[in-house]
Amino acid sequence: MTSALLTDLYELTMVHAAREAGTASRRCVFEVFTRSLPPGRRYGVVAGTARALEAIADFRFDEADLRYLRRTGMVDAAMLEHLADYRFTGDVHGYEEGELFFPGSPVLRVEGTFEDAVMLETVILSILNHDSGIASAGSRMITAARGRPSIEMGGRRVHEDAAIAAARAAYIVGFASTSNLAAGAHYRIPVAGTAAHAFSLLFDTEEEAFRAQLASQGVGTTVLVDTYDVEAAVRKAVELAGPELGAVRLDSGDLGAQAHQVRALLDSLGATGTRVTATGDLDEYRVEELRDAPLDGYGIGTRLVTGGGHPAPGFVYKLVEREGADGQMRPVGKRSQDKATLGAGKSAYRLLVGGQARAELVLPGKEEVAEFERELTAELISEQASADWARTALRPLQSPMILGGEMVESLSAPQRVLAARTRHAASVAELGLAAEAGPDGPVAITTVTDGAEAARVLP
């Protein structure tokens, strides 16, 4: 199956009408951005870009697609002929995966003719909204975990293909492993998993279940101890495996109180190296509550793969610049209340002062960028320049991803994921946020869309 039908009908009807009107070949610039972050979110995380680029490369109508469209009667023969030859031949620039975004951040810019670029709206948004929603929630969970490893284990809570994408997004933002084998195979993400309650219930006694698991997986396995009686299960597991038992898992009840009790019990039995892990409807708030519990790791599923209460960041795909009848490019944008759009294709930078992110600069047009650079240069050479000024920098956020319809980067799928994981860790570090501040707070940095205003955010 191609990605061409992963779209809305109105993409085709718009192109059809524009072709008849003679405007379909006008050059256009579309941008993907969100107008706001969910309440309490300090930042969002870009994920799914590589998947979106692959979908763009595969966006072509095969014979089966064309037969279906012909049966609908929605488009005429000339339009069908056009779709049969469709290939995206424009340019795409955007934020690399793992990068942070804020209100107004142009995370993707698509340039091409109207009939080239408008067709990609739905498939791009469906991928970026899904993956970025999970990555944005997952990043908060990793911060709350304070260095304790977390396993993504939510595959049973979403569509089977979405589960693979969810595991990928979670790994980008710092999850140590996934329970999803397909994600492990395709993206080389470490996989983890041992046994569920069903395994213990299969046997006549819990001891028999533990013996079978230890015989099969070795003493380094993780034993689930809350099927019946937690204390009895922990004692039996250590008796059978010895002090080398890998870990015990708690999945229900008061996890904090149980963690203290189990840790004390394990230590009294000589299993001081046995880890205690927790699962069971965890999210960043629950993990934060468990910060002082003697836990060594978490398994997180439902709340992660469904976006932590905000499954989509609200990305939109808007026309911001287009060619006029005179051949000149001009900014365009909505003026409707609460949904106004800033026209013109924009350049984006992260302003760093002393190595810490200070603002998101989203400047329309080359003149705005040049104006800010002049202001910055003037401040840097002034006598009042502070020590931090010497370490002031503008970090460009947009990279060329597709040029002339051809992919720029040739990394493999696993290589892209690892690069995004590294990038995300560095981007979060730039914010200087402490886990002790808790999951929620104001947006971490300001988005600035005017060169003169940008100069005023400097120290």
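Contact here means heavy atoms within 4.5 Å.

**Figure 1. Overall view of the protein chain in the predicted model.** Among the contacts in the protein chain with a separation of 6 or more, 75% are accounted for by residues 24 or more positions apart. The secondary structure of the chain comes to 17 helices and 19 strands, and its C-alpha trace spans about 85 × 70 × 40 Å along the principal axes. Of the 459 residues of the chain, 50% count as buried.

**Figure 2. Close-up of the packing of helix α3 against helix α4.** Two packed helices are described by the angle between their axes and by the distance between those axes. For helix α3 (residues 63-72) and helix α4 (residues 77-84), the angle is about 165 degrees and the axes lie 11 Å apart. Since angles over 145 degrees count as roughly antiparallel, α3 and α4 are therefore roughly antiparallel to each other. Their crossing is right-handed. On the side of α3, the residues of the contact are L66, L69 and R70, which meet L80, L83 and A84 in α4. Sorted by type, the residues of this contact divide into five nonpolar, no polar and one charged.

**Figure 3. Close-up of the salt bridge between D131 and R51.** Side chains of opposite charge can pair when their charged atoms come close. In this view the side chains of D131 and R51 meet in a salt bridge, with an N to O distance of 2.9 Å. D131 belongs to helix α6 (residues 121-145) and R51 to helix α2 (residues 49-57), so the pair ties together parts that are 80 residues apart in sequence. With a relative accessibility of 0%, D131 counts as buried, whereas R51, with a relative accessible area of 22%, is partly exposed.

**Figure 4. Close-up of the salt bridge between E436 and R146.** The closest N and O atoms of E436 and R146 are 3.8 Å apart. E436 lies in the loop between α16 (413-431) and β19 (446-448), and R146 in the loop between α6 and β6 (150-152), so this pair ties together parts that are 290 residues apart in sequence. E436 is exposed, its relative accessible area being 61%, while R146 is partly exposed, with a relative accessible area of 29%.

Figure 5. Because R263 lies in helix α12 (residues 255-268) and D296 in the loop between α13 (284-289) and β11 (297-300), the pair ties together parts that are 33 residues apart in sequence. R263 counts as buried at 13% relative accessibility, and D296 counts as partly exposed at 30%.

**Figure 6. Close-up of the surroundings of S105.** S105 lies in the loop between β4 (100-101) and β5 (108-113), and with a relative accessible area of 1% S105 is buried. Leaving aside neighbours within four places in sequence, S105 is in contact with V32, F33, Y95, E360 and V362.

Conventions
Residues are numbered from 1 along each chain as its sequence is written. Side-chain values use heavy atoms; hydrogens and water are left out. Axes are lines fitted to C-alpha atoms, for helices over the stretch in contact, and angles run from 0 to 180 degrees between N-to-C directions. Helices (H or I, at least four residues) and strands (E, at least two) are DSSP runs, numbered from the N terminus. Angles under 35 degrees count as roughly parallel, over 145 as roughly antiparallel, 65 to 115 as roughly perpendicular and the rest as oblique. A crossing is left-handed if the near helix is turned anticlockwise from the far one by less than a right angle, and right-handed if clockwise. Ala, Val, Leu, Ile, Met, Phe, Trp, Tyr, Cys and Pro count as nonpolar, Asp, Glu, Lys and Arg as charged, and the others, Gly among them, as polar. A salt bridge is a side-chain nitrogen of Lys or Arg within 4 Å of a carboxyl oxygen of Asp or Glu. Buried means under 20% relative accessible area, exposed over 50%, partly exposed in between (1.4 Å probe, protein chains only).
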